[in-house]
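This report describes one protein model for a reader who is new to structural work. Please keep the sequence and the three-dimensional view at hand while reading.

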Amino acid sequence: MARAPAPKKPATAKPAKPRAAAKKKPSAPRGASAKLVVRNATLDDVGAIIALVQRVYPDMPPYTPGMVQGQIVNFPEGQFLVEYDGTVVGYAASFRIDETTALNQHSWSVITGGGYGSRHDPHGEWLYGMEVCVDPSRRRLRLGQRLYDERERLCEALELKGIVFGGRMPGWQRRRKAYPDPMDYVEAVKARRVEDMVISFHIRAGFEPIGVLRNYLESDKASGGCATHMVWRNPYAPQESSPHHPPQGQKEDVRVATVQFQQRKIDSFEEFIANVEYFVDVTADYRCDFVVFPELFTLQLLAFEKRKLTPAEALETLTDFTPRFVAALRQLAISYNINIIGGSHPTRTDDGDIQNVAYVFLRDGSVHAQEKIHPTPNERHWWNIKGGDKVATIQTDCGPIGVLICYDSEFPELARRLVDEGAKLLFVPFCTDSRQGYLRVRYCCQARAIENQCYVVMSGNVGNLPNVDNMDIQYAQSCILTPCDFPFARDGIAAETTENVETVAIADLDMTDLSWARAQGTVRNLRDRRFDLYKVVWHDGG
């Protein structure tokens, strides 16, 4: 929601030709650094942006990190911030949207995809302003004006029709008796019979109120939940809209490999790592960006125990291996220049719970962890495994990714949140003992690929460990799945392995195909969601 700060000088009429290049400003003296900087927001700014919004709007529901991350990932060039003395003091979020949606009645939650900016349309004719906020202690610096100017420049550069948003009208609730209809209140402000700081700011900035958006943002009590439907029309927009074509230019290929890993008896931790390194080496030779291993593949470390362990003893033994396992795979990721999704490793965490954890080792040396959210009845029975409480994307050099451990792929809410946060690649390490169990995971992963218009990579175990509980028999056919539409493989399968054989499958996945499908595909599941009818409410507000 556009929530304006300090007033701006009235907009002057612009010439009927593109804006001339700005005069070059004198360079700062050597050794001097910029005191005030306006730039595009990056993922490193997420925490500072959330802190700013909470300072500005303490009485409104805060953004979650996933929401701000989604805004930046979905349309990076549309998110601006202002730094003053190294502190983030202003933020503006925006995305592109089609004209029909932009100019008709809508609510903030519906048009912004629940705050994630997930309805961004690369071919949208209008720039939609979903947020502007300025630190109250810095309002005299005309930061709001700078942010609005950046939006206008972006709009002109992209040759869009203009900017549209729902603006606050914080004076209406106080004058509701005199103006029961919010549109009458807006007209009174336009006629200068009434002063409303925000509406007046937007009008002076060159925006035109074309109506009132009712039930726009319920938490905005001062505006009665309503908003002014504001429009700025780009004077340089082409008169004729150019036809929409699929994205052209360089392909954005990501090469992924899935390892169908055989459980077998081994004699040492070093032998286990040597088995893992073999597949890392092979997939790195094929210049893969990612390699994924199966769920619970570290249970092989129990195979060289002298006796069969009880579940409690097995978990303590695996926990003891955790530091060595993490250190070894981290070094492999760095040495072979490949991102490793390290299956999953059951371990006792610092809070005393036993959890099934997927460790992700990036080639820059960073290590991330994703806990399994939904343990199966079998895991709860044999291992007393507890479910995690957070699902979030992981930032990589190929964009954000998500990890859903086996059973988690059967809960569509988890995948949808990861995709809203910007993930186009989901990795599903799994461990199933029968064909029925495998097909449950397989069919659900295919559904996740279709409904989220993303790629899903599955990796499972084969073979057996007769002396290890929960690993007696294995069934797997690992695969790399796509949406079902024209740019993709006919059956929605980019690659798959032979059942129950230790092997590797590799595929090149083109991210621009996903962008095309989401914008112009035969079906457009992400765009066609009915935010006006349903939504998922997360415990953390996401």
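The sections below treat confidence, cores, helices, loops and cysteines in turn.

## Basis and confidence

This is a predicted model, in which local features need pLDDT of at least 70 and side-chain atom pairs count only at pLDDT 80 or more, while totals for chains, interfaces and linings use all residues. Residues are numbered from 1 along each chain as its sequence is written, and side-chain values use heavy atoms, with hydrogens and water left out.

The pLDDT is the predictor's confidence in each residue, on a scale from 0 to 100. Its mean for the protein is 89, and 91% of the residues reach 70 or more. Over residues 4-31, however, the pLDDT is below 50; this stretch has 41 contacts in the model beyond near neighbours in sequence, a contact being heavy atoms within 4.5 Å. Residues 241-251 also stay under 50, and the model has 12 contacts for them beyond four places in sequence. Where pLDDT is low, the predicted coordinates should not be read in detail.

## Two nonpolar cores

A residue is called buried when its relative accessible area is under 20%, exposed when it is over 50%, and partly exposed in between (1.4 Å probe, protein chains only). A nonpolar core is a set of buried Ala, Val, Leu, Ile, Met, Phe, Trp, Tyr and Cys residues joined through side-chain atoms within 4.5 Å. In soluble globular proteins, nonpolar side chains tend to be buried together.

The largest nonpolar core has 66 residues, of which Ile49, Val68, Tyr91, Tyr128, Tyr185 and Phe207 touch the most other members. A second, separate core consists of 52 residues, including Phe290, Leu404, Phe427 and Tyr475.

Helices (H or I, at least four residues) and strands (E, at least two) are DSSP runs, numbered from the N terminus. Helix α8 covers residues 269-285, 17 residues in total, and reaches 24 Å from its first C-alpha to its last. This is close to the expected 24 Å, the expected span being 1.5 Å times one less than the number of residues. Buried residues in α8 include Phe269, Phe272, Ile273, Val276, Phe279 and Val280. Seen down the axis, the buried residues of α8 fall within an arc of 165°, so they line one face of the helix; the arc is that of the directions from the helix axis to the C-beta atoms. On the other side of α8, Tyr278 and Asp285 are exposed. The elements that cover the buried residues of α8 include β8 (253-263), α9 (311-336) and β20 (503-510).

In α6, the residues Pro182, Tyr185, Val186, Ala188 and Val189 are buried. They cover an arc of only 160° around the axis, and therefore lie on the same side of α6. Their cover includes α7 (197-204), β6 (208-213) and β7 (227-233).

## Residues in loops

Gly171 lies in the loop between β5 (162-167) and α6 (182-190). Is Gly171 buried or exposed? With a relative accessible area of 3%, Gly171 is buried. Leaving aside neighbours within four places in sequence, Gly171 is in contact with Tyr185 and Asp196. Leu296, in the loop between β9 and α9, is also buried, at 4% relative accessibility. Leu296 and Asn356 are 60 residues apart in sequence and 8.0 Å apart in space, C-alpha to C-alpha.

Most residues other than glycine have a negative phi. Arg142, although not a glycine, has a positive phi of about 55°; it lies in the loop between β4 (126-134) and α5 (143-157) and is partly exposed, at 38%. Asn384 has a positive phi of about 60°, lies in the loop between α10 (377-383) and β14 (394-396), and is partly exposed, at 43%. The phi of Arg287, which follows α8, is positive as well, near 60°.

## Cysteines

A disulfide is a covalent bond between the sulfur atoms of two cysteines, and is counted here when the two sulfur atoms lie within 2.5 Å. How many disulfides does the structure hold? The number is 0. For Cys484, the closest cysteine sulfur is that of Cys454, 12 Å away, which is too far for a bond. Cys484 is partly exposed, at 44% relative accessibility, whereas Cys133 is buried, at 0%.
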